[in-house]
Amino acid sequence: MKTEDRWQARFRATRMSMPAWAANAPSRGVYRSTASGRWEVYAWDRVNGTSRRVTESPGGVSHATIDPRGAWIWWSADGADGHGPWWRQPFGGGPSEIPLPGLGAGRSAGLALGATGTVIAGVHDGPVTRIHVARPGDGGHGQDPALIAEYAERACVAGLAHDEGLIALNLGDRRAVRVVRQCGETVNELADGTSLRAVRFAPGDNRLLALHERRGRPEPLIWDPMTGDQREVWLRLPGEICADWYSDGGALLIIHHHRGRTELYRYDLRGGVLKPIETERGVISVAKVRPDGTVEYAWSSSAQPPVIRSTSGLVVINPGGPAAPPSVPAEDADVEGPGGRVHALVSRPASGDAPYPAVFLLHGPGTQGDDSFAPEVAAWVDHGFAVVRANHRGSTGYGSAWRDGGRDPLSELDDVEAVRDWAVASGLADPHRLVLAGRGRGGHLALLGVGARPAKWSLCVAASPEPGPGRAPTPIAYAEAVDAPVLLLAGENDPDRTGSPVDAYAARLAVLGKEHEVYRYDAGRGLLPVEEQIRQMAAQLAFARKHLGLA
């Protein structure tokens, strides 16, 4: 397969989300897929193996779920202003409806569905969060939701207890967990000065599984809000831990994230025994326990495209369509930086000799570069670039202190610079052909880096750069020092594009006579369609090859 066909085929290959199933009807499931070229929702009958497309959304669908009875499929389709309503449709097909017409304007702040038809829905309206409840009406249809609580902070619905009497809320501003009744009355609150997050209630009682950071990393905590009893699950694993319940409530599924990869374990709450679950080396984005005790998980690696697997040894569901061509495996690198050891993932071209032209792909705070399959990374590699992803301060996966150490973007750039210098000194990267690139907050960091560290970089690519809250200084403050061509990918009609920071930065570069290009696209209709992703990747590759003398 030709290079152009191979990298584009990875973007066009059908992707799908981890299927969710109805708690009380586990043969009924729902998933999202890009089979149509956009993320759409599909109903899946596991008994006969058939799937049915549920949605046809011009902007794609970002979230879908199914109620515990398997009667209704719910999804959120944001409108052009980012404030779309919840929709639902019967599992077997039929007209779609807006089940909560009186919910009011705002962004979704979580949804919880009960087996009796109860719906708990949260809405963010500026700095205010409102929590609503809709109880089942005639024919199983919900009534207009009733406002039960209003908070002058960010909050999110995390779950509904088995008997539907208790609601768990995550309070984002104070990093606390609150449990309330359906009338809005507070039952209890958990706050200890660290970051706390509710996961979900136990399958058959009022125990709430949460994640705490009392020892400097996310770990499981089981809390009974009625009695106040707490049980910390202390595991001797080196990385960060997420967890979920087994269906009998007597064990936890442990998801262990360490150095950009994932491991699974079963922890018996009665005996305190931790048992590894055999999986392939790579990244597991989601894992869930089926009623029969098997675990289904969404897996991929840098070399192998995503697949939904089961611990039974079977592939759970085939997304259909042509498979994505494989890529190259990621190598690990550890570099001593000014704030501590920096872990990085390196993807080398399959052919050619080092030193290679290299792309340093940046991410924003609160995320990380990992060993999952990424068509963008594979496209650069196919064109002869080494790709380096440094998990600088501010990255998740290395403990709370490392994550919180990225509050100053210049410290993040110090870590990236240390990895850059290692890549050059080791003979991996050509010092005259170094691209600093990123998307979103990673794009903002790339723009800052090419101005604050101009002697280190040959080129900059920033896609939809956004600063995030409290991120100073800004790239425009360093625009005069920029000494490399800059490509800006800017979304038009984007409801989140407040104050047109890309336009202001581009205008400043123009005044200063700095070489730059701006690629504009329509970003106001939801998730980017596959063909637009390909156009943007092609623009980045063409820009880099032209300015680095590789065309």
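Reader: Let's start inside. How many residues has the largest nonpolar core, and which have the most contacts inside it?
Author: That core has 41 residues. Phe-360, Val-419, Val-450, Val-486, Leu-488 and Tyr-505 have the most contacts inside it. Keep in mind that this is a predicted model.

Reader: Which helix gives the most to this core?
Author: Helix H5, residues 441-452. Six of its residues belong to the core.

Reader: Take Tyr-505. What is in contact with Tyr-505, leaving aside its neighbours within four places in sequence?
Author: Leu-447 and Val-450 are on the list.

Reader: New topic: charges. How many salt bridges does the structure hold?
Author: The structure holds 40. One of them pairs the side chains of Asp-332 and Arg-261, at 3.0 Å from N to O.

Reader: Where in the chain do those two sit?
Author: In distant parts, 71 residues apart. Asp-332 is in strand S28, residues 331-337. Arg-261 is in strand S22, residues 261-268.

Reader: Is Arg-261 buried or exposed?
Author: Buried, with a relative accessible area of 10%. Asp-332 is partly exposed, at 34%.

Reader: What does Arg-420 form a salt bridge with?
Author: With Asp-421. The closest N and O atoms are 3.0 Å apart. Arg-420 counts as buried, at 9% relative accessibility. Asp-421 is partly exposed, with a relative accessible area of 30%.

Reader: And which parts does the pair of Asp-503 and Arg-520 tie together?
Author: Asp-503 lies in helix H6, residues 501-512, and Arg-520 in strand S35, residues 516-522, so the pair ties together parts 17 residues apart in sequence. Their side chains meet at 3.2 Å, N to O. Asp-503 counts as partly exposed, at 29% relative accessibility. Arg-520 is partly exposed too, at 41%.

Reader: Which residues do salt bridges with shared partners join into one network?
Author: Asp-192, Arg-214, Arg-215, Arg-217, Glu-219 and Glu-232.

Reader: Sheets now. In what order do the four strands of the open sheet come?
Author: S24-S25-S26-S27, with antiparallel pairing.

Reader: Which strands stand at the edges?
Author: S24, residues 283-289, and S27, residues 315-317. Each has a single partner strand, so one side of each is left without a neighbour in the sheet. From one strand to the next, the twist averages 35°.

Reader: How many bridges join S25 to S26?
Author: Four. S25 spans residues 295-300 and S26 spans 307-310, and the two run antiparallel.

Reader: What stands opposite Tyr-297?
Author: Arg-309, in S26.

Conventions
Residues numbered from 1 in each chain as written. Predicted model: local features only at pLDDT ≥ 70, side-chain atom pairs only at ≥ 80, totals over all residues. Heavy atoms only, no water. Core = buried A, V, L, I, M, F, W, Y, C linked by side-chain atoms within 4.5 Å. Buried < 20%, exposed > 50% of the residue type's maximum accessible area, 1.4 Å probe, protein only. Contact = heavy atoms within 4.5 Å. Salt bridge = Lys/Arg side-chain N within 4 Å of Asp/Glu carboxyl O. Pairing = 2+ DSSP bridges. Axes fitted to C-alpha atoms, helices over the stretch in contact; angles between N-to-C directions.
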